[in-house]
Amino acid sequence: QVLPVPSPGQDFERFGTRVAVGDYDGDGFDDVAASGLHDAGVLEPGSLTTMRSLGSHGLCCLHYLAGSGDDRLGAGLAFGDFDDDGTDELAAGRPGRTVGGFAGAGDVVILRPATSGGGFDELSTWSQLTPGVAGGAEAGDEFGSALAVVLFARRMDMVDIEAFPLVMWRTAYRYWPWLLKEIAKSGWTV
């Protein structure tokens, strides 16, 4: 099933720049989130679109969230169970956001489907000013430009063991170098 993508229809939208998959609504089917790092003149506010899975029947229920200013909403995307309720939440990076007076310090917003129906509820926001997050906010840090949920969740002491079983550690010496190489390559192509 092909769905129209709700958007302001701006030039250079770059829809699908980042894509993440996870069970966002707790129904047992993977849902999809995609960002569009569109330009708005000299600013890049970014945008986020989520689509709920209907299992073998396709996708529905599009939700759209536009960034503001030069936030670059969705530059990093990842699903994870950040509040340990058994349902994935969506982490969306905003690396261009001003935090603590530092332009471009960046943050990560944790979102879940709105309880009132369409849209999003903001669960929390993390930045380098958040207690327990290493480092300090500085201008141009671009915190949130790339997300890796397992490492991020380990730092916040919130690892879901079923999502990353210990048996995977035996192959980590091959996986992590490959993953870092792929991340570097994707940065070069953008």
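The accessible surface of the protein amounts to about 10400 Å², and carbon and sulfur atoms hold 57% of this area; areas were computed by the Shrake-Rupley method with a 1.4 Å probe, and for residues only the protein chains shown count as cover. The model is predicted, and local features need pLDDT of at least 70, side-chain atom pairs count only at pLDDT 80 or more, and totals for chains, interfaces and linings use all residues. Residues are numbered from 1 along each chain as its sequence is written, and side-chain values use heavy atoms, with hydrogens and water left out.

The secondary structure consists of 2 helices and 8 strands, where helices (H or I, at least four residues) and strands (E, at least two) are DSSP runs numbered from the N terminus. Along the sequence the elements follow the pattern β-β-β-β-β-β-β-β-α-α. Of the 190 residues in the protein, 37% are buried (under 20% relative accessible area, with a 1.4 Å probe and protein chains only). Among contacts with a separation of 6 or more, 46% are between residues 24 or more positions apart; a contact requires heavy atoms within 4.5 Å.

A pair of aromatic rings is described by the distance of the centres and the angle of the planes. Rings of Phe, Tyr and Trp (its six-membered ring) pair if their centres lie within 6.5 Å, and planes under 30 degrees apart count as stacked, over 60 as edge-to-face and the rest as tilted. By this rule, 3 aromatic pairs are found. The ring centres of tyrosine 24 and phenylalanine 79 are 5.7 Å apart with planes at 70°, so this pair is edge-to-face. Tyrosine 24 is in the loop between strand 1 (15-22) and strand 2 (31-36), and phenylalanine 79 is in strand 5 (residues 77-80), 55 residues apart. Tyrosine 24 is buried at 5% relative accessibility, and phenylalanine 79 is buried at 10%. Tyrosine 24 also pairs with phenylalanine 120, with centres 6.5 Å apart and planes at 50°, so this pair is tilted. Phenylalanine 120 lies in strand 8 (residues 120-126), and the pair therefore ties together parts 96 residues apart in sequence. Phenylalanine 120 is buried, with a relative accessible area of 17%. Ring pairs join Tyr24, Phe79 and Phe120 into a cluster.

The largest nonpolar core contains 12 residues, including Tyr24, Phe79 and Phe120; such a core is a set of buried Ala, Val, Leu, Ile, Met, Phe, Trp, Tyr and Cys residues joined through side-chain atoms within 4.5 Å. At least two residues of this core come from each of strand 5, strand 6 (89-94) and strand 7 (107-113). A second, separate core has 7 residues, among them Ala91, Val108, Ile110 and Phe143.

How values were computed:
Buried means under 20% relative accessible area, exposed over 50%, partly exposed in between (1.4 Å probe, protein chains only).
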